[in-house]
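Have the viewer ready and follow along.

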Amino acid sequence: MAEELKGKVTFTQHLLPSLETGKYHISVEQTVKIDKKSVNDTFKTENTFAVVTERTKINPAEIHSVFPADNSVGDFQQTLPHIVLTRSTFPWERIVANTIPEEESKDKASWLALLLFTEEETVAELNTIKLGDLFPKQINPQSNLPDDTLSYFDSLSKPEEIGKHLDYGEMLDDSCQAIDIPVNLFNMLIPCINDLKKLAHLRTVNITKKEMIKKNNLSSEGIDEEANFSIIIGNRLPQINQRNTVYLVSLENFGGFLPDENYNSKIPQNKKNIRLLFLKKWSFNAVKEEINFLSTLKNLNQKPITFKMPENSMMTNETLKKAFAFGFCPLPHHSRSGDKTFSWYRGPLVPYQIKKFIAPPYPCSDALTLYNPKTGLLNTSYATAWQLGRLLALSTKSFSQTLYNWKKKLKQNAYHLSSCKKLLTNTVAQKHNLNNISLLTKKNYLSIIIDDFKQNMSAFLNQKKVKGK
Amino acid sequence: MNLNINNITENFIFSENEEIPLDITNWIGTLKLLVGVPINYIIPNINMLPPESIRFFYLDPNWIESLADGALSLCRVTNLDHQVDVFHHNMLHAQANKTAANYRKSLFKSTNKSTDNTETEDDPNPDLLTGFILRSLVVKDYPGIEVNVYAKNNEELKIRRLEKLSPDILIGIVQGELYSLKIHQAPEALHFGIDCITDDGKGFKKNLRTTDEGKIKESQKVIHFREGDKKVLPISALSEQMREDLSLPKDKFTSAEFALEMIEGLKLIEFSSDQ
């Protein structure tokens with residue numbers, strides 16, 4: 001391997017949102033006092049606004065990548081799963097524990113966690129539940145939450161409290177996804193608050209060497225060369241030879257039920273299951289064999305290394321062999337007269353360097369069809385490209401209209417110029433002693449005409465002036 | 001007679017130096033990088049790029065010119081139309097090549113305007129474009145992989161376009177003659193891991209990286225998994241252990257330091273056209 005690549009990645013503890021989610025109330029008051037006139041007026045205005053963020057779903061566009069990739073197979077038994085989000089503040093937008101000690105605000109725990117389960121572990125996935133199903137039955141009679149299942153709002157006792165725990169604009173009927181985890185399993189996996197603080201961070205990287213990811217969001221300004229990503233790491237290694245599923249779960253306001261630092265459970269004895277919302281899930285298989293980024297790329301087919309049809313030992317036809325070596329491939333061709341034949345085609349990617357030999361513009365694609373009299377076959381590569389360019393141009397309205405208007409203007413001007421030329425040719429030729437006007441470049445010619453025209457006109461006008469006097 | 005001579009001359013000069021609308025040159029410029037060209041025109045036969053393969057290529061300037069000429073052939077009917085196209089051909093293509101040369105740069109917000117100007121030069125050799133095409137699950141499974149491209153003398157070349165043609169096909173168009181390329185994982189997706197699991201499966205080892213220079217410090221200490229056979233890491237105990245081993249103060253070991261310790265090295269692989 002050649003020399004090292006240099007680059008910079010910045011790791012940051014967190015990126016806190018400047019405003020926390022919730023309803024805000026602004027009131028502005030101004031008092032005007034003018035001593036002499038004994039004016040003392042107060043003006044007041046109030047406004048309410050809400051900062052809303054998603055907490056039951058995540059916009060798929062905000063997920064940059066997950067590792068190990070969804071449905072992938074590889075030797076992942078020593079790696080922790082993680083998710084990379086393009087929304088850089090997401091893991092710190094909500095709070096885990098209601099009661100925040102002073103030092104907590106400096107080292108905020110992520111409200112999102114990755115939980116990994118294997119196929120053997122019995123986790124019930126609820127894909128079509130409502131937000132109301134997270135509340136205990138005694139406060140929301142419509143809830144389907146069993147009595148032995150604990151969820152976020154277990155400590156509530158009065159139905160009136162529901163409103164306080166819904167976000168601005170949220171309804172009990174809103175759909176969401178959740179998992180029911182058996183309490184034993186939950187106790188073995190769930191991170192404590194201090195773990196959560198370590199499991200999310202921010203990364204800043206330069207993205208100029210990347211294939212473009214956010215093509216759809218391209219604004220006219222382009223995208224930043226440096227990008228922030230928030231990353232959440234799981235706390236459990238994948239199990240080998242099994243299908244592992246990772247859930248991105250919400251632990252918002254769940255701090256009271258998370259274990260203490262020695263992982264002693266705080267779940268009440270009578271509960272058998274824990275219901276947690278999840279925002280994303282993906283699965284992968286961990287195997288012993290080495291299948292990863294490096295090994296996949298190492299095993300790439302590199303023969304032939306240039307872009308052409310692979311050679312086949314069964315192939316005896318010399319013409320075919322040669323054509324393949326030059327990057328051609330035969331494609332069926334329905335000719336204009338209705339014949340079915342085949343013609344050679346080669347795309348823009350070729351296996352060797354070709355110098356430019358065509359000289360556009362061409363009046364039609366037929367002018368670019370090449371014919372080989374030896375084989376009687378056509379090479380339609382460039383004709384195809386020409387025709388494709390024409391179709392693409394026609395289907396791009398902004399381009400074709402601009403082109404049409406521009407060409408129209410050019411033609412009008414050209415026509416105008418040529419009529420001037422007819423008018424002035426003889427005069428200019430005589431004056432400048434030019435025998436062959438066509439030898440002059442168009443530009444020189446034009447400046448001569450213009451000078452001439454200017455002189456003539458000013459002479460004419462002067463004459464008029466004199467006469468007028 | 002109401003004639004303003006200056007006005008007339010100005011009109012004439014403008015008509016000669018008619019500026020080509022940016023909409024035209026920009027679109028032709030991106031078309032020259034095959035933006036918008038359907039994939040089956042680029043890869044006419046799937047045997048040319050089977051699953052899990054990489055190929056190097058030269059871009060055929062004749063094909064590209066034909067494509068661009070086809071696009072510019074709209075409303076080319078009469079002789080005069082043809083002459084107009086001949087007359088503007090060179091200037092239009094020079095400007096389009098400029099767009100093509102800065103296509104990738106134009107996708108990013110220019111953070112430094114002054115360096116921008118120096119680089120918006122004309123392309124010395126617009127006809128020599130090469131590149132690679134990669135078809136692999138890696139393209140799909142590792143979003144944001146990065147590519148560096150080099151000439152034979154090891155000089156780093158400029159990438160003009162690096163985009164996916166389909167979920168698992170990545171095309172890179174390079175200015176100059178591509179000789180080798182390095183593909184590596186995205187730094188933001190560097191993954192996290194441990195170094196080895198102990199034989200009894202109850203604990204694991206993790207080497208340390210010094211936070212200032214990033215040197216690897218081998219660790220022999222075995223850290224035990226959390227209770228149960230679920231291979232769950234005791235994250236806070238692990239980070240506390242790391243903090244002690246690196247002798248850092250208590251508040252200087254946050255999630256950022258933890259992440260730095262846990263990442264595995266960047267994986268990089270090199271391909272060359274020399275076979």
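In chain B, three strands form an open sheet in the order E3-E6-E13, with antiparallel pairing. Helices (H or I, at least four residues) and strands (E, at least two) are DSSP runs, numbered from the N terminus, and two strands pair if DSSP finds at least two bridges between them. The edges of this sheet are strand E3 (146-150) and strand E13 (268-272) of chain B, each of which pairs on one side only. From one strand to the next, the twist averages 20°. E3(B) and strand E6 (residues 180-184) of chain B run antiparallel and are joined by five bridges; B:Tyr150 has B:Ser180 in E6(B) as its bridge partner.

A word on ground rules: this is a predicted model, where local features need pLDDT of at least 70, side-chain atom pairs count only at pLDDT 80 or more, and totals for chains, interfaces and linings use all residues. Residues are numbered from 1 along each chain as its sequence is written, chains are lettered from A and ligands numbered from 1 in the order in which they are written, and side-chain values use heavy atoms, with hydrogens and water left out.

**A buried helix in chain B**

Helix H4 (residues 61-72) of chain B has twelve residues and reaches 16 Å from its first C-alpha to its last, close to the 16 Å expected at 1.5 Å a residue. That expected span is 1.5 Å times one less than the number of residues. Is H4(B) enclosed or open? Twelve of its twelve residues are buried, so H4(B) is largely enclosed by the rest of the structure. Here buried means under 20% relative accessible area, exposed over 50%, and partly exposed in between (1.4 Å probe, protein chains only). The buried residues include B:Trp63, B:Glu65 and B:Asp69.

At the N-terminal end, B:Asp60 caps H4(B), with a side-chain oxygen 2.9 Å from the backbone nitrogen of B:Asn62. Helix H2 (residues 22-31) of chain B packs with H4(B) as well: their axes come within 10 Å and cross at roughly 145°. Axes are lines fitted to C-alpha atoms, for helices over the stretch in contact, and angles run from 0 to 180 degrees between N-to-C directions. Where the two helices meet, B:Ile24, B:Trp27, B:Ile28 and B:Leu31 in H2(B) touch B:Leu67, B:Ala68, B:Ala71 and B:Leu72 in H4(B); contact means heavy atoms within 4.5 Å.

**An arginine that reaches both chains**

What does A:Arg346 touch? Leaving out residues up to four places away in sequence, its contacts include A:Phe326, A:Tyr352 and A:Tyr382, along with B:Asp60 and B:Trp63. A:Arg346 sits in the loop between strand E17 (340-345) and strand E18 (349-350) of chain A, and is buried, with a relative accessible area of 5%. The side chain of A:Arg346 reaches the backbone oxygen of A:Phe326 at 2.8 Å, and a polar contact of 3.3 Å joins the side chains of A:Arg346 and A:Tyr352. A polar contact is a pair of N or O atoms within 3.5 Å; within protein, one must be able to donate a hydrogen and the other to accept it, and residues adjacent in sequence count only if both atoms are side-chain atoms.

**The five-stranded sheet of chain A**

Chain A has seven helices and 20 strands, and buried residues make up 46% of its 469 residues. Five of its strands form an open sheet in the order E1-E12-E13-E7-E4, with antiparallel pairing. Strand E1 (9-12) and strand E4 (63-67) of chain A stand at the edges with a single partner strand each, so one side of each is left without a neighbour in the sheet. Neighbouring strands are turned by 25° against each other on average, direction ignored.

| Strand pair | Sense | Bridges |
|---|---|---|
| E12 (residues 200-206) and E13(A) | antiparallel | seven bridges |
| E7 (residues 82-85) and E13(A) | antiparallel | four bridges |
| E4(A) and E7(A) | antiparallel | four bridges |

Within E13(A), A:Ser230 is the bridge partner of A:Leu202, and A:Ile232 is that of A:Ile83. On the other flank, A:Ile63 has A:Leu85 in E7(A) as its bridge partner.

Both faces of E7(A) are covered: A:His82 and A:Val84 on one side and A:Ile83 and A:Leu85 on the other are all buried. In strand E13 (residues 226-233) of chain A, six of the eight residues are buried, so E13(A) is largely enclosed by the rest of the structure. Chain B takes part here too: helix H10 (residues 255-262) of chain B lies across E1 and E12 of chain A, running at about 135° to E1(A).
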